[in-house]
Protein chains: 2
Amino acid sequence: MLRAPLSPDETAEPRRRDGCGPLLPTVVETRPMRQRLFEHLRAAGEASRADLSRLLAISPASVSAISAELLAAGLVEEVDGASRDSTRGRPPVALAVAPRAYYVAGIKLSDDAHSAVILDFAGELVGEATLPSGAHRQPVARTLVETESVLDAAILSAGLSRADLWGVGLGLPGVIDHARGIALWSPILAERDTHLGAILSERLRLPVTIDNDANLLTLAELWFGHGRTMTDFAVVTIENGVGMGLVLQNRLFRGGSGLGMELGHTKVQLDGALCRCGRRGCLEAYVADYALVREAQTALDWNRDTAESARQLLDSLYEHAKDGHAGARSIFRRAGRYLAVGLANVYQLFDPNLIIISGGQIRFDYLYAEDVLAEVRELILDTGRTPPHIEINAWGDMVWARGAAALALSALTEQLIGEGRVA
Amino acid sequence: MLRAPLSPDETAEPRRRDGCGPLLPTVVETRPMRQRLFEHLRAAGEASRADLSRLLAISPASVSAISAELLAAGLVEEVDGASRDSTRGRPPVALAVAPRAYYVAGIKLSDDAHSAVILDFAGELVGEATLPSGAHRQPVARTLVETESVLDAAILSAGLSRADLWGVGLGLPGVIDHARGIALWSPILAERDTHLGAILSERLRLPVTIDNDANLLTLAELWFGHGRTMTDFAVVTIENGVGMGLVLQNRLFRGGSGLGMELGHTKVQLDGALCRCGRRGCLEAYVADYALVREAQTALDWNRDTAESARQLLDSLYEHAKDGHAGARSIFRRAGRYLAVGLANVYQLFDPNLIIISGGQIRFDYLYAEDVLAEVRELILDTGRTPPHIEINAWGDMVWARGAAALALSALTEQLIGEGRVA
């Protein structure tokens, strides 16, 4: 496999997001031309040189030169482009990312189960595994053992070995300093300020990048979901916690020093419901799974001795609500209204063109019903503009891990093709 | 006076905000070298060529070339730099922005009074005026007449005429589409979707740029306040409304399509207090002047017949609170607690290094007391990080108008020295 990064290349001219004035946000396109071409290829699956030139507004000569370099490095290969234009004699040759040039792993840790996937260099899934987590909150040492287990299971399912991996992306809930690889606080870890990136990297002897899980889901939308056609959008995630990610001009936005976007811990009620972070009135204390479980115990007169799991309890709550149980309906109704508050606040502050409610377990359609979306419209400033577009994107359980793998692929791509800043 | 923009110049190499990884926000330095040099000069007052080279990391040869061009165009002049280093024989020659090369006006409209300032090209105040506004909310036609009056009064006070002005920056509360010059909704205008920029520009026969007033105050902080030493900060404004501005890498951030940052209309209480936007539970419905006035009427058993102004009523409320009046204290206490919620949410979402509570009328120290700041610390996620730094910056009444003038100066500078995109 190839390990040497390519030589530094020309940086594309910075492009302003628009040409409307001097004070607009200076979020500009900084990816080198080579990187833009490569990422387009990975997103599109395959493309002819002529398409690349037209779609990316890069001269045919530059496309040829960049293609030649990527082909020589083994990062891209020529494929039979017959499927695109088979009617005119000889099928055209298309370019595609060389899938077996590299493999990466993505791992998502949660308080319920850990999951891992293996992706090839083209971003295709080649292996996956899920293992239950030992405890709701546990010491890092224990989490590391479980992380290694789920990773090895995924590698095995792909028919690969650890030596075949370039690196690992890891996501977990909490306040994660991506740049420094530190988990400052996570609801699933007993310790604070864990240098999780470095510790895991040393343990696996592989490059490891870590991030907040909502950012990973946002990355999954960017790489494999809506982001293939959108450049600016917000993602709100709901599972055992509420998270948020923001994409501006194809890139994750993280706020001032990289630790913003904590939507789940914005306050929507003074002296409100207790959150697992220890504060009161956080959005997730009304909307997240654990908040519903807490109320379900009251509504359904839950008996601790039956040892029903949280997921079973929620499923039961949902069934009761569908059957017209007043308490159960009231729980979903309130959660839906607070969710509407959260979505309205995201719109009011970040003004995204699209909000995607995304996650692996979007099961409770009460939360995503038309009356919740109507409530969002009733909460936001009436400016005469089209109300925000809100979409629901229910992925399978493995989407978080795929986002984590995208993080690793992104680091790898940056190293090979980008500005070469990744260690 | 000079009117011709300089020739397009070299763009500085894009600088990443940090070198920490591939997925950090791509807010980069896109100002041309010439613009950075010029803006540094304006902020610093004066600087020698050697200082400019050292502080901006531009080669001495480039500094010389750029200086020569700016001097030839009359935008910069040589001044006696004696004050900097008078001990070593001949005083060094320093550069400074040529103050009389251009003049701009800045106007701030509110429901109470309008204010206007005239700044010279170096950003120094040369004239100002304030006029009461006719009504709380009024037709645009009436507002335009008042705008012209306050502008002319400021021009007169500067000893200038309208022909001496390059252009006007105008700020008002509400949802303002800066890029298109449209006031989508403003609490002080009877109409919606007003093409205020174009209408006023035609009326005055001058270039006009409009913006949300909180963005102007943020610009004032950036040009004349804390921004002279900080590159990233958030500003929260409180007067008859609650606004917010965000500066990232020396530039205003406006969210997805430029209409975000509506902190005053984020919801902090489901089915809460009525806001002047018509919705319930907005932050400003608990914190803004009008919210305090509303409650003061109850607390102080206010008699409508006395025709006391809102400002007098608030002053009276404040005196009562200082004297221990329970109702008055409770009003400030609740407003302070909701303000803490707003500040905590700003920190949780945008993660700024500094939050500046800024405005012309920061009078009620109950709102900015230590217990409010302590409440912010109690509301945010405990990640072990240093809690956000919060500063109070009380300006005079004219600060909003100075920010508006900075908007015009910024547009002018961009046209003369920047990428030349301004019409």
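Colleague: What describes the packing of helix H1 (residues 33–44) of chain B and helix H2 (residues 49–56) of chain B?

Modeller: In this predicted model, the two helices pack at an angle of about 115°, and their axes are 11 Å apart. I give both values because two packed helices are described by the angle between their axes and the distance between the axes. The crossing of H1(B) and H2(B) is right-handed.

Colleague: What makes the contact between H1(B) and H2(B)?

Modeller: On the side of H1(B) stand B:Arg36, B:Leu37 and B:His40, and on the side of H2(B) stand B:Leu52, B:Leu55 and B:Leu56. By class, this contact has 4 nonpolar, 1 polar and 1 charged residues; Leu counts as nonpolar and Arg as charged, so B:Leu37, B:Leu52, B:Leu55 and B:Leu56 are the nonpolar residues and B:Arg36 is the charged one.

Colleague: How do you know that strand S4 (residues 113–120) of chain A and S5(A) are paired?

Modeller: Pairing requires at least two bridges, and S4 and S5 of chain A are joined in the antiparallel sense over 7 bridges, so the pair meets the criterion.

Colleague: Why are strand S5 (125–132) and strand S9 (208–212) of chain A called edge strands?

Modeller: The open sheet of chain A has 5 strands in the order S5-S4-S3-S6-S9, with mixed pairing, and S5 and S9 each pair on one side only. On average, neighbouring strands of this sheet are turned by 15° against each other, direction ignored.

Colleague: Which strands does helix H4 (residues 140–157) of chain A touch as it packs on the sheet?

Modeller: H4 touches strand S3 (103–108), S4, S5 and strand S6 (165–172) of chain A, and its direction makes about 145° with that of S5(A). Helix H5 (residues 196–204) of chain A also packs on the sheet, where it touches S6 and S9 of chain A and makes about 145° with the direction of S9(A).

Colleague: What makes up the side of domain 2 of chain A that touches domain 3 of chain A?

Modeller: In chain A, domain 2 covers 101–218 + 399–417 and domain 3 covers 228–394. Contact means C-beta atoms within 7 Å, and 17 residues of domain 2 are in contact with 17 residues of domain 3. Strand S7 (175–177), helix H6 (213–224) and helix H12 (399–417) of chain A each give two or more residues to the domain 2 side, and H6(A) gives the most, with 5 residues. By class, this side has 8 nonpolar, 5 polar and 4 charged residues.

Definitions and conventions. Residues are numbered from 1 along each chain as its sequence is written. Chains are lettered from A and ligands numbered from 1 in the order in which they are written. This is a predicted model: local features need pLDDT of at least 70, side-chain atom pairs count only at pLDDT 80 or more; totals for chains, interfaces and linings use all residues. Helices (H or I, at least four residues) and strands (E, at least two) are DSSP runs, numbered from the N terminus. Axes are lines fitted to C-alpha atoms, for helices over the stretch in contact, and angles run from 0 to 180 degrees between N-to-C directions. Two residues are in contact if their C-beta atoms, placed from the backbone, lie within 7 Å. Domain bounds come from an automatic or database domain assignment. A crossing is left-handed if the near helix is turned anticlockwise from the far one by less than a right angle, and right-handed if clockwise.
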